[in-house]
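Hi,

Here is the structure I promised to pass on. Have a look at it first, and then read my notes below.

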Amino acid sequence: MITVGALAHGEGLDPDRAEDVGVRPITLLHEPAPFSRIGPGPGGATKPDVVEIGGTLIFDPIVARLRGGEDVGSAGVLTLYHSYLDRLFTAGSGTSYAAPRVAFSAAQILTRFPHASANLVRALIVGSAEIPQPAQERLQLLGVDATRAICGHGLVDLERAAFSDDARVMLYAEDELALDHFAVYRIPIPEAFQAGNGERCIRVTLAFDPPVRHTRTDYAGVGMSFRLIRGCQPDLIFEHYRKREQDDGPFPELAGRYNCNLVPGPQAREKGTVQSATVTFKRGIEDYGDSYYLVVRCESGWATHVDRQQFAVVIELLQKAEVQLYERVRQRLRLQA
């Protein structure tokens with residue numbers, strides 16, 4: 001499941017109303033739609049997960065009320081009319097018009113990856129999303145937390161979800177874990193990504209489908225989380241995270257410098273069944289080596305009738321300079337194979 005909010009497609013004024021000073025627009029392109037609903041989601045999870053275009057509202061002082069696409073076509077998005085013998089198209093405003101656009105993105109992803117699980121589709125969709133600049137500017141006075149609460153992870157970018165390009169690489173895995181176990185994934189970091197002062201990002205998105213119940217206080221029967229570790233040997237990572245018996249003594253600590261500072265942090269992201277976070281580097285990171293490690297953990301909860309949890313994880317490496325990052329990562333993976 002993915003929860004969807006709405007962004008405006010523009011001011012919503014047709015040419016006849018554009019010059020009427022009495023009719024007032026409420027939004028601009030890619031600002032939050034006035035009717036878009038927000039959480040809290042179950043357990044305080046982010047809701048909505050993503051946003052899409054859903055139309056807008058305008059204020060009409062003549063009738064002293066807000067009017068959407070059902071009244072004023074230009075305020076809504078184009079859609080099919082329910083009685084096609086009368087007319088083929090109509091317009092409407094609402095999150096119910098945004099949700100099918102996300103469903104379309106999911107269908108397109110399945111066309112490219114026909115064997116993808118629902119978890120992988122969710123991870124690719126959320127991992128591609130970014131909050132548009134107009135929405136950030138409109139909501140900046142409310143703060144980062146409010147912006148995330150209203151827009152979730154952002155507007156879906158279908159091309160970004162389905163394809164890599166020269167300076168951006170998408171890696172993904174579908175897997176399962178026994179309860180109270182963890183998996184470690186090695187992420188190749190080419191020299192071109194390590195060096196220089198240009199801005200580089202690593203984004204991690206995890207999606208899983210735990211048993212759930214209708215009470216919001218304890219919604220998910222299984223929990224999952226992830227950490228991105230750098231500059232550290234795999235043996236130390238395994239020793240730090242493995243379950244220890246009493247005779248094993250205390251687990252070895254991981255220094256803070258090994259843990260990548262992903263945003264949003266664990267407390268904000270781990271409440272949901274689809275989690276996404278990004279770390280950004282603006283200086284050289286050569287000291288941390290050519291491999292990072294993603295640790296994915298599965299924690300048992302009230303769902304005692306299951307012994308394994310399926311999940312998908314997507315990792316995006318993005319370099320905002322003209323670098324042949326994709327080819328270099330592909331060469332590294334070929335050598336490892």
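How many helices and strands does the protein chain have? The answer is ten helices and 14 strands. Please keep in mind that this is a predicted model.

**The whole chain**

The C-alpha atoms of the protein chain fill a box of roughly 75 × 50 × 40 Å along the principal axes. Of the 337 residues in the chain, 46% are buried. I also looked at the contacts in the protein chain with a separation of 6 or more: 74% of them are between residues 24 or more positions apart.

**Helix α2**

Which residues of α2 are buried? They are Ala98, Val102, Ser105, Ala106 and Ile109. Because they cover an arc of only 100° around the axis, they sit on the same side of α2. Look at the other side of the helix and you will find Ser96 and Thr111, which are exposed.

As for what the buried residues of α2 pack against, there are two strands and two helices to look up: β1 (4-7) and β3 (50-53), then α3 (118-128) and α6 (158-162).

**How α2 meets α3**

Two packed helices are described by the angle between their axes and the distance between the axes. For α2 and α3, the angle is about 120° and the axes are 10 Å apart. That angle makes α2 oblique to α3. The crossing in which α2 passes α3 is right-handed.

Which residues meet where α2 and α3 come together? From α2 there are Val102, Ala106, Ile109 and Leu110, and from α3 there are Val121, Leu124 and Ile125.

**Helix α5**

Next is α5, residues 144-151, with Thr147, Arg148, Ile150 and Cys151 as its buried residues. Seen down the helix axis, these fall within an arc of 165°, so they line one face of α5. The elements that cover them include β3 and α4 (133-139). As noted above, β3 is also one of the elements that the buried residues of α2 pack against.

- His30 lies in the loop between β2 and β3. Its phi is positive, about 65°, although His30 is not a glycine. His30 is partly exposed, with a relative accessible area of 24%.
- Ser36 has its place in this loop too. Is Ser36 buried or exposed? It is buried, with a relative accessible area of 16%, which is under the 20% cut-off. Leaving out residues up to four places away in sequence, Ser36 touches Gly5, Ala6 and Thr95. The C-alpha atoms of Ser36 and Arg65 are separated by 18 Å, and the two residues are 29 residues apart along the chain.
- Pro48 is in the loop between β2 (24-25) and β3 as well. The peptide bond that leads from Lys47 to Pro48 is cis, with omega near 10°.

**A few other loops**

Where else is there a cis peptide bond to look at? One joins Val263 and Pro264, with omega about 0°. Pro264 lies in the loop between α8 (234-241) and α9 (266-269).

Asp180 is in the loop between β8 (168-178) and β9 (181-188). Phi of Asp180 is positive, near 60°, in a residue other than glycine. Asp180 is partly exposed, with a relative accessible area of 44%.

Finally, take a look at Asp14, in the loop between β1 and α1 (15-18). Asp14 is buried, with a relative accessible area of 17%. Which residues is Asp14 in contact with, leaving aside its neighbours within four places in sequence? Those are Val72 and Ser74.

That's it from me for now.

Best wishes

How values were computed: Residues numbered from 1 in each chain as written. Predicted model: local features only at pLDDT ≥ 70, side-chain atom pairs only at ≥ 80, totals over all residues. Heavy atoms only, no water. Buried < 20%, exposed > 50% of the residue type's maximum accessible area, 1.4 Å probe, protein only. Helix = DSSP H or I, 4+ residues; strand = E, 2+ residues; numbered from the N terminus. Arc of directions from axis to C-beta. Contact = heavy atoms within 4.5 Å. Axes fitted to C-alpha atoms, helices over the stretch in contact; angles between N-to-C directions. Parallel < 35°, antiparallel > 145°, perpendicular 65-115°, else oblique. Left-handed = near helix turned anticlockwise from the far one by under 90°.
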